[in-house]
Amino acid sequence: MNIDKFKPAIVYTIYIASTPEKVWTALTTAEFSKKYFSGLAVEAELTIGGAFIVRTPDGSVHIAGEVIECDPPRKLTITWNVNWPGLVEKLGPALVTYEIEPAGDVVKLTLIQSHDRPIGDDILSGGRQGWPAILSSLKSLLETGDALVIKMEPPQRMLAALKKMGIATP
Amino acid sequence: MPGLVPGIHVLASPWEVKTWMAGTKPGHDESFSVSAILLLDMQPFGCQVVFNIEPHGSLVKLTLTHEGFAEGSELLDGVSKGWPAILSGLKTLLESGTALAIPLSALGKVHHA
């Protein structure tokens, strides 16, 4: 897959009092993701071309992706395709890159969501609502041992935009 | 304004605090129902910073918006590196009592969305 044509649409940076190895593990294992990511389980086959799956608590596949770049514990790029009928066909694939860098005694984590075509603000509002909550909770989990309990409303603006495009949403 | 969030207006200096709003939402416990907006007009840069503080269950959702930059502004590059470090440090300070020590040299490059 040629990722050169993908451009960043959403970028968040967060600093975490932790180690790159722990941040990497938290991003790639279900044991951690279930705590900070609304109960969702990350299953990552950490090799280029490996599967990257995110499951809902009932076991169904929410995100079906593939590992594109894998350089533990520094960089992970995956396709992040939400498993809703017609979504990838209409919007193209989404790429998510995690960059993990030491910053003095702490860790700088940068999340980049990229697309190969222009994506409207209505669609991007989903990521803009979700990522800060996920990253804030991940930071709290690694720093204090407890994730945040964040009650999230469904991303109505994004869901309405998807529905308008004929994409089936739950 | 004084007493709502003690000390936060220190952030305004030397900039002018343009607006401060606080309100309560019906049906919520008073102690968790205060929303606040702090708007700083950052003369002479011509840009504005808004802190929006909202209760979110037992948590707080802080949204920072910094806008009004001139085309190709170098200030935008600088604040894009600075704000994540400041907000990350603030979160750790409020949750654990100790701020993060983030070296300036670590702020590094900025990815533009």
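The backbone oxygen of B:Leu107 lies 2.4 Å from a polar atom of the A:Lys108 side chain. The model is predicted: local features need pLDDT of at least 70, side-chain atom pairs count only at pLDDT 80 or more, and totals for chains, interfaces and linings use all residues. Residues are numbered from 1 along each chain as its sequence is written, chains are lettered from A in the order in which they are written, and side-chain values use heavy atoms, without hydrogens and water.

**A:Lys108**

- A:Lys108 belongs to strand β7 of chain A, residues 106-115 (strands are DSSP runs of E, at least two residues, numbered from the N terminus).
- A:Lys108 is buried (under 20% relative accessible area, 1.4 Å probe, protein chains only).
- A:Lys108 has no salt bridge (a side-chain nitrogen of Lys or Arg within 4 Å of a carboxyl oxygen of Asp or Glu); A:Glu101, the nearest side chain of opposite charge, is 4.4 Å away.
- Residues touched by A:Lys108 (heavy atoms within 4.5 Å), not counting those up to four places away in sequence, include A:Tyr15, A:Glu99, A:Glu101, B:Ala106, B:Leu107, B:Gly108 and B:Lys109.

**Interface of chain A and chain B**

- In all, 25 residues of chain A are in contact with 20 residues of chain B.
- The two chains bury about 1,700 Å² between them, 60% of it on carbon and sulfur atoms (accessible area, 1.4 Å probe, lost on being put together, summed over both parts).
- In chain A, the most area is lost to chain B by A:Tyr15, A:Lys108 and A:Lys139, together 28% of what that side buries.
- Zero salt bridges are counted between chain A and chain B.

How values were computed. Helix = DSSP H or I, 4+ residues; strand = E, 2+ residues; numbered from the N terminus. Buried < 20%, exposed > 50% of the residue type's maximum accessible area, 1.4 Å probe, protein only. Lys, Arg positive; Asp, Glu negative; His and termini not counted. Polar contact = N/O pair within 3.5 Å; in protein donor to acceptor, adjacent residues only side chain to side chain.
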